[in-house]
Amino acid sequence: MNIGIVCYPTYGGSGVVATELGKSLAERGHRIHFITYNRPIRLDLFSENIFYHEVRTPNYPLFEFSPYESALASTMVEVARFNEIDLFHVHYAIPHASVAFLAQQILEGYDLHIPFITTLHGTDITLVGKDKSYKPVVRFSIEKSNGVTAVSDFLKKDTVKHFGVKQDIQVIPNFVDTNRFRPHNKDHFRKMVASQGEKILIHTSNFRKVKRIEDVIQVFSQVKDKIPSKLMMVGDGPERGPAENLCRELDLCEYITFLGSQNAVEEIYAIGDLFLMPSESESFGLSALEAMASGVPVISSNAGGLPEVVIDGVNGFTSNVGEVDKMATDALSLLQDVEKWTTFSQAARQHAEQFTRDFIVPMYEEYYQEILKSYHTRQLSST
Ligand code: GMT
């Protein structure tokens with residue numbers, strides 16, 4: 001199949017999922033055309049089945065904002081016309097779903113009939129999508145999508161509740177490459193980070209308000225008061241500056257390392273003892289899943305779809321948003337009890353195996369076939 005994938009190429013979870021999906025589909029013999037405004041961050045390999053088309057948004061003094069939507073729709077049209085695209089798969093509804101609809105309409109004029117599938121990832125529904133500045137377009141473009149998937153049951157329910165869409169939304173959870181993310185002994189690296197045998201706590205995100213970075217530091221502060229420990233902060237974003245300030249105020253700089261955005265996150269998870277994710281809202285929590293596949297138990301909030309990934313009292317602990325004291329107590333209960341930690345670590349890996357790439361990617365392939373079939377059947381009956 002020739003598939004056009006549209007996504008944000010940055011460090012956000014939706015771009016990671018889209019890129020990993022495209023890479024897996026290419027390995028399975030499909031020809032994948034990524035259409036993005038930069039090379040996707042995890043698109044780090046050469047493959048005869050992978051093509052990358054950059055969306056260029058030429059500027060003009062009249063534009064306060066470059067018209068990304070028009071440039072993207074035009075690129076999708078060009079890619080479809082000359083590469084025999086069978087289907088578009090767009091990730092993150094805003095603005096990719098409405099742009100896909102526009103591209104589809106333009107392509108009809110060339111007698112090309114190409115369905116598109118929209119994958120909802122989280123903030124496109126739970127945060128940004130609900131804003132009245134975007135809501136009518138988000139609802140319209142979901143309804144116009146030929147297929148819609150959501151990364152968790154929670155997200156599906158939230159979409160139906162807030163947008164009242166009648167469409168059948170297929171839940172296809174996020175996935176992890178369990179060969180790449182796995183528990184392994186990295187003693188030398190561990191000693192570099194924690195030379196005195198300190199426990200290592202990890203947080204990864206795009207440092208947005210919704211991630212509650214302050215809670216990460218407050219939980220760590222309480223843990224560090226009780227046992228020698230270090231915190232590794234991976235990623236970057238608007239909340240990094242305020243987080244670094246808080247570390248200075250709490251006199252914790254010596255114990256916390258801000259690593260910035262990293263590609264080889266599996267190396268970091270492999271030396272972790274706990275992963276912290278106290279998010280205000282989280283449709284799935286892909287980085288929690290990657291940590292779990294590496295055998296790292298998770299301390300998280302119970303927001304959104306997180307309880308579908310982190311099973312409270314089994315492979316980690318969940319708490320209400322903002323319950324910093326409880327999160328710290330739960331963290332200590334694992335870090336101070338080797339036997340309990342080992343049980344949780346094994347359970348984390350086991351649970352992550354249910355979301356393995358080889359199991360989830362075929363679900364997308366089946367869904368593509370289903371949508372192609374129903375779309376073309378409808379096309380035929382309308383002519
Ligand atoms: O806010 C982010 O974490 C980025 C955002 C994105 O779309 O790039 O992530 C969302 O999609 C991820 C992949 O499906 C999910 O794992 C994250 O839970 C989700 N983020 C939120 O819901 C806040």
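**Questions on a predicted model**

Student: In which helix is L332 found?
Tutor: Helices (H or I, at least four residues) and strands (E, at least two) are DSSP runs, numbered from the N terminus. L332 belongs to the run that covers residues 324-335. That run is helix α12.

Student: What kind of model is this?
Tutor: Residues are numbered from 1 along each chain as its sequence is written, and side-chain values use heavy atoms, with hydrogens and water left out. Local features need pLDDT of at least 70, side-chain atom pairs count only at pLDDT 80 or more, and totals for chains, interfaces and linings use all residues, since the model is predicted.

Student: Is L332 buried or exposed?
Tutor: A residue is buried under 20% relative accessible area, exposed over 50%, and partly exposed in between (1.4 Å probe, protein chains only). The relative accessible area of L332 is 10%, so L332 counts as buried.

Student: How far apart in space are L332 and L274, C-alpha to C-alpha?
Tutor: In sequence, 58 residues separate L332 and L274. In space, their C-alpha to C-alpha distance is 10.0 Å.

Student: Which residues of the largest nonpolar core touch the most other members?
Tutor: A nonpolar core is a set of buried Ala, Val, Leu, Ile, Met, Phe, Trp, Tyr and Cys residues joined through side-chain atoms within 4.5 Å. The largest such core here holds 69 residues. Its members with the most contacts to other members are F275, L289 and Y368.

Student: Which helix gives the largest share of this core, and why does the core lie between the two domains?
Tutor: Domain bounds come from an automatic or database domain assignment. Domain 1 (2-175 + 357-381) and domain 2 (187-355) both contribute residues, so the core lies between them. The largest share is 7 residues, and these come from helix α14 (residues 357-382).

Student: Which residues come nearest to the ligand?
Tutor: A residue is near a molecule if one of its heavy atoms lies within 4 Å of it. There are 18 residues around the ligand. Those that come nearest are H121, N174, K211, E282 and S283.

Student: How many residues of the shell around the ligand are polar?
Tutor: Ala, Val, Leu, Ile, Met, Phe, Trp, Tyr, Cys and Pro count as nonpolar, Asp, Glu, Lys and Arg as charged, and the others, Gly among them, as polar. On that scheme the shell has 5 nonpolar and 2 charged residues. The number of polar residues is 11.

Student: Which helix supplies the largest share of the shell around the ligand?
Tutor: The shell draws at least three residues from each of domain 1 and domain 2. Its largest share is 3 residues, taken from residues 13-27. They form helix α1.

Student: How far is an oxygen atom of the ligand from a polar backbone atom of S14, and how much of the ligand does the protein bury?
Tutor: A backbone N or O atom of G13 lies 3.1 Å from a ligand oxygen atom, and a polar backbone atom of L286 lies 3.0 Å from one. For S14 the distance is 2.9 Å. Taken alone the ligand exposes 480 Å², and the share buried by the protein is 93%.

Student: What is the length of the polar contact between the side chains of H89 and T119?
Tutor: H89 is in strand β4, and its relative accessible area is 0%, so H89 is buried. A polar contact is a pair of N or O atoms within 3.5 Å; within protein, one must be able to donate a hydrogen and the other to accept it, and residues adjacent in sequence count only if both atoms are side-chain atoms. The contact joining H89 and T119 is 2.6 Å.

Student: Where is E84 found, and is E84 buried or exposed?
Tutor: E84 is not a glycine, yet its phi is positive, near 50 degrees. It lies in the loop between α2 (68-83) and β4 (87-91). Its relative accessibility is 64%, so E84 counts as exposed.

Student: What is the relative accessible area of R212?
Tutor: R212 also has a positive phi, about 50 degrees, without being a glycine. R212 is placed in the loop between β8 (199-204) and α8 (213-226). It is partly exposed, because its relative accessible area is 26%.

Methods. Areas by Shrake-Rupley, 256 points an atom, 1.4 Å probe, with all protein chains shown as cover.
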